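Please read these points with the sequence and the model side by side.

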Amino acid sequence: MRRLVVDVGAGDYTVLRLPAGSVPPTDLFTLGGPVVVSVISSPDGVTVICPTRVAPGAQTREDGWRLLSVRGPLEFALTGIMAALAGELAAAGVSLFAVSTYDTDHVLVQATDLERAVLALREAGHEVTPL
């Protein structure tokens, strides 16, 4: 596996589910700065990943996540990046929530597991840097 550069995002993130067909608040897309917002619509509902400070209200939500982003862009032909990250974190007992964009991959880990996640990635030979 190639050596990756992984940036630790600032602040906490929330993963939440809105009812199917919901439209998330449009102000999530005008935050600016180095933040990640993801909205995924499926028949089961609308999953939103965003900074906790701007998370819309939802009955089903998980707070306390931290964002780890692989510095990209990554070529589509590259294989095994998410598998490597997931395997290294799993070996350290760290669960994750994964999301990919056109340019790169992101994983969210619980804030309580952040130190363990960073250590596992560094021990696997990756560079981990705060933003």
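**Notes on the predicted model**

1. Strand E6 (residues 97-100) and E7 run antiparallel and are joined by four bridges. Helices (H or I, at least four residues) and strands (E, at least two) are DSSP runs, numbered from the N terminus, and two strands pair if DSSP finds at least two bridges between them. E6 and E7 make a hairpin, with four residues between them. Ser100 stands opposite Asp105 of E7.

2. A word on the basis. The model is predicted: local features need pLDDT of at least 70, side-chain atom pairs count only at pLDDT 80 or more, and totals for chains, interfaces and linings use all residues. Residues are numbered from 1 along each chain as its sequence is written, and side-chain values use heavy atoms, with hydrogens and water left out.

3. Thr104 is in the loop between E6 and E7. Is this residue buried or exposed? Thr104 counts as buried, at 11% relative accessibility (buried means under 20% relative accessible area, exposed over 50%, partly exposed in between, with a 1.4 Å probe and protein chains only). A polar atom of the Thr104 side chain lies 2.4 Å from the backbone oxygen of Val70. Neighbours within four places in sequence aside, Thr104 is in contact (heavy atoms within 4.5 Å) with Val70, Arg71, Gly72 and Leu74.

4. In helix H1 (residues 81-91), the residues Ile81, Ala84, Leu85, Glu88 and Leu89 are buried. They cover an arc of only 120° around the axis, which puts them on the same side of H1; the arc is that of the directions from the helix axis to the C-beta atoms. An α-helix has 3.6 residues a turn, so residues three or four places apart point the same way. The buried residues of H1 pack against strand E5 (60-70), strand E7 (105-110) and helix H2 (114-123). On the face turned away from the buried side are the exposed residues Ala83, Ala90 and Ala91. Gly93 follows H1 and has a positive phi, near 75°.

5. Thr14 belongs to strand E2 (residues 13-18) and counts as buried, at 0% relative accessibility. Its side chain is joined to that of Thr52 by a polar contact of 2.8 Å. A polar contact is a pair of N or O atoms within 3.5 Å; within protein, one must be able to donate a hydrogen and the other to accept it, and residues adjacent in sequence count only if both atoms are side-chain atoms. Neighbours within four places in sequence aside, the residues in contact with Thr14 include Val48, Ile49, Cys50 and Asp63.

6. Pro56 sits in the loop between strand E4 (45-51) and E5. Pro56 is buried, with a relative accessible area of 12%. Leaving aside neighbours within four places in sequence, Pro56 is in contact with Leu16, Pro25, Leu28, Cys50 and Arg61.

7. The chain has two helices and eight strands, in the order β-β-β-β-β-α-β-β-α-β along the sequence. Its radius of gyration is 15 Å, close to the 14 Å that the globule rule gives for 131 residues, so the chain is as compact as a globular protein of that length. The radius is taken over C-alpha atoms, and the rule is 2.2 Å times the number of residues to the power 0.38. Of the 131 residues, 40% count as buried. Among contacts between residues at least 6 apart in sequence, 71% join residues at least 24 apart.
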